[in-house]
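I am opening a notebook page for this chain. The entries cover strand pairing, salt bridges, a surface patch and the nonpolar cores.

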Amino acid sequence: GTIKNLNIELDSQGINGDSYIGAIAGYISTGSTIDNVTVTGNINGIGSDIGGIAGVVNYGAKITNSYFEGNINGEGDDVGGIAGWVDSGSEITGSYSKGDISGTGINVGGIAGLVQGGAKITNSYSEGDISGVDDVGGIAGWVNGGSEITGSHSKGDISGTGFVGGIAGKVENSEVTNSYSEGSVSGNEHIGGIAGLAHFSSIIKNYSTGDIIGTGNNVGGIAGWSTSGTITHNVAINPYVNGLTANRVVGRADNYGTPPITQYNFALEETTVNGDLRSDTDLDGAAKTAVELKTKATYESLGWNIPAIWKIDAGKNGGYPYLYWQEL
């Protein structure tokens, strides 16, 4: 079935419960769609699968053009601003979450906690601070199984212990493309401006602008730790990167195939990097000045699609690229 065109304002108590919690539905499945729904209020769950709109989105269900504004707290796994768990070809499109999201388990994200089984998050964004333990991201906590995040961005500080990223904490056999992160990212190890871990995955045409702060190993402006896959045509615009092992673009890369996984990336020349730097120059990126990183030609040289996917204007978004749909 379809639920659409709703505007819901929760009372001061919000929604409180155990698991499978969402302001619209605890679980949506085959053939179901939630469209053009707005929810305002707070949600708290003592279990898992907690979302602002739905707890679980499964078997090809969709959430489109829907918005959650409020704070979410979950004491279990899979906590997200729109959905806790997105699986099996399901999609979240054109949606946003505004507010702080926290979890005491794994998989905490600004849009979704867990994204797997070929699911997609497209043209969506999160504004607010995101915090959890492991697998914490500005858009999704853990992305795996041929899933995809594209055309999305996060704006807020992201924090956790391990596998923390400005877009996704952990990306496995999946991809993140044409997305950006504006907040700081912090934790212990495997900390990245886009992904904390990229395992057999593609991280392509993304950028991050916040400080990346780790107290342990594998910290980078785009990815903390990459194992095979591809990290290419990204831009790291981070003022500060800190970790026991750290680099401007990728903290550590273990390449099990060819071509090399870290090619054709740019990084802010003035970035301060503290840590035991890797000798591989691919991990550091080609240096660009602050002025160059606000210039259209810089991104076109990396093959970014301007203006069909990205736009750049000196008077908008601090002079950095923004997504075409942000003007629609």
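Which residue in S36 is the bridge partner of Ile191? I looked it up, and the partner is Val219.

Entry 1, ground rules. I am working on a predicted model, in which local features need pLDDT of at least 70 and side-chain atom pairs count only at pLDDT 80 or more, while totals for chains, interfaces and linings use all residues. Residues are numbered from 1 along each chain as its sequence is written, and side-chain values use heavy atoms, with hydrogens and water left out.

I took strands as DSSP runs of E with at least two residues, numbered from the N terminus. I counted two strands as paired if DSSP finds at least two bridges between them. Strand S31 and strand S36 (residues 219-220) pair in the parallel sense, over 2 bridges. On strand S26 (residues 162-165), I find 3 bridges to S31 (residues 189-192), again with the strands running parallel. In that pairing, Gly162 stands opposite Glu189 of S31. I also checked strand S16 (residues 108-109), which 2 bridges join in parallel to strand S21 (residues 134-137). Val108 faces Val136 of S21 there, as the residue standing opposite.

I then traced the whole arrangement. The order S6-S11-S16-S21-S26-S31-S36-S41 makes an open sheet of 8 strands with parallel pairing. At its edges I find strand S6 (50-51) and strand S41 (246-247), each of which pairs on one side only.

Asn16 stands opposite Asn44 of S5.

I required a side-chain nitrogen of Lys or Arg within 4 Å of a carboxyl oxygen of Asp or Glu. The rule gives 7 salt bridges. For burial I used relative accessible area: buried is under 20%, exposed is over 50%, and partly exposed is in between, with a 1.4 Å probe and protein chains only.

I looked up Asp35 and Lys4, whose closest N and O atoms are 3.9 Å apart in their salt bridge. Asp35 is in strand S4 (residues 33-40) and Lys4 in strand S1 (residues 2-9), so the pair ties together parts 31 residues apart in sequence. Asp35 counts as buried at 16% relative accessibility, and Lys4 as partly exposed at 44%.

Next was the salt bridge between Asp254 and Arg252, at 3.0 Å from N to O. Asp254 is buried, at 17%, and Arg252 is partly exposed, at 29%.

I also checked Lys316 and Glu327, whose side chains meet in a salt bridge at 2.6 Å, N to O. Lys316 is in the loop between strand S47 (310-311) and strand S48 (322-323), and Glu327 is in the segment after S48, 11 residues apart. Lys316 is partly exposed at 37% relative accessibility, and Glu327 is partly exposed at 37%. Salt bridges with shared partners join Lys311, Lys316 and Glu327 into one network.

I defined a core as a set of buried Ala, Val, Leu, Ile, Met, Phe, Trp, Tyr and Cys residues joined through side-chain atoms within 4.5 Å. The largest core has 60 residues, and those with the most contacts inside it are Ile53, Ile63, Ile121, Ile149 and Ile203. Strands that each supply at least two residues of this core include S3, S4, strand S7 (54-57) and strand S12 (83-86). S4 gives the largest share, 3 residues.

I listed contacts for Ile121, taking contact as heavy atoms within 4.5 Å. Not counting residues up to four places away in sequence, Ile121 touches, among others, Ile92, Ile111, Val115, Ile139 and Ile149. Another core lies apart from the largest one; it has 18 residues, among them Tyr207, Val235, Tyr320 and Trp325.

Terms used: Helix = DSSP H or I, 4+ residues; strand = E, 2+ residues; numbered from the N terminus.
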